Amino acid sequence: MKNENINYLSVFSAVNSFAKAQEIPKPPQKGIQKATYNCPMHPDKMSSDPEKCAKCGMQMIKKEGDKK
Ligand SMILES: [Zn+2]
């Protein structure tokens, strides 16, 4: 019984270290990436919310095609 227990522990720690070694950085998830909005007239005016441009009051549009 005691022997079995020790064996189980060593297997567990081996699996544990193996799992750690296999840990790969996750690719960035698309859903988490925040959308960027900017004014059609003032591309330098950017916001993470679809608000209106502070300069001209135009509705900011979602910036797309930023991922390459
Ligand atoms: Zn503007």
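Of the 68 residues of the protein chain, 3% count as buried, where buried means that 20 or more other C-beta atoms lie within 10 Å of a residue's own, exposed means 12 or fewer, and partly exposed means in between, with C-beta atoms placed from the backbone. This is a predicted model, in which local features need pLDDT of at least 70 and side-chain atom pairs count only at pLDDT 80 or more, while totals for chains, interfaces and linings use all residues. Residues are numbered from 1 along each chain as its sequence is written.

**Confidence**

- The protein chain has a mean pLDDT of 79, and 74% of its residues reach 70 or more; pLDDT is the predictor's confidence in each residue, from 0 to 100.
- Among the elements of the protein chain, the lowest mean pLDDT (71) belongs to helix α1, residues 2–21, and the highest (92) to β1.
- Where pLDDT is low, the predicted coordinates should not be read in detail.

**Helix and sheet**

- The protein chain holds one helix and three strands, which follow the pattern α-β-β-β along the sequence; helices (H or I, at least four residues) and strands (E, at least two) are DSSP runs, numbered from the N terminus.
- The three strands form an open antiparallel sheet in the order β2-β1-β3, and two strands are said to pair if DSSP finds at least two bridges between them.
- The edge strands of this sheet are β2 (46–47) and β3 (61–63), each of which pairs on one side only.
- Strand β1, residues 36–38, pairs with β3 in the antiparallel sense over three bridges, and T36 stands opposite K63 in β3.
- Strands of a sheet pair through backbone hydrogen bonds, either parallel or antiparallel.

**Contacts along the chain**

- Among contacts in the protein chain between residues at least 6 apart in sequence, 14% join residues at least 24 apart; two residues are in contact if their C-beta atoms, placed from the backbone, lie within 7 Å.

**The loop between β2 and β3**

- M58 lies in the loop between β2 and β3, and M58 counts as partly exposed because it has 13 C-beta neighbours inside 10 Å.
- Leaving aside its neighbours within four places in sequence, M58 is in contact with C39, P40, M41, K52 and C53, while M58 and H42, 16 residues apart in sequence, are 9.5 Å apart in space, C-alpha to C-alpha.
- C56 is also placed in the loop between β2 and β3, and C56 is exposed because 11 other C-beta atoms lie within 10 Å.
- Not counting residues up to four places away in sequence, C56 touches C39, M41 and H42; C56 and C39 are 17 residues apart in sequence and 8.6 Å apart in space, C-alpha to C-alpha.

- E64 is found in the segment after β3, and E64 is exposed because it has 8 other C-beta atoms within 10 Å.
- E64 and T36 are 28 residues apart along the chain, and their C-alpha atoms are separated by 8.0 Å.
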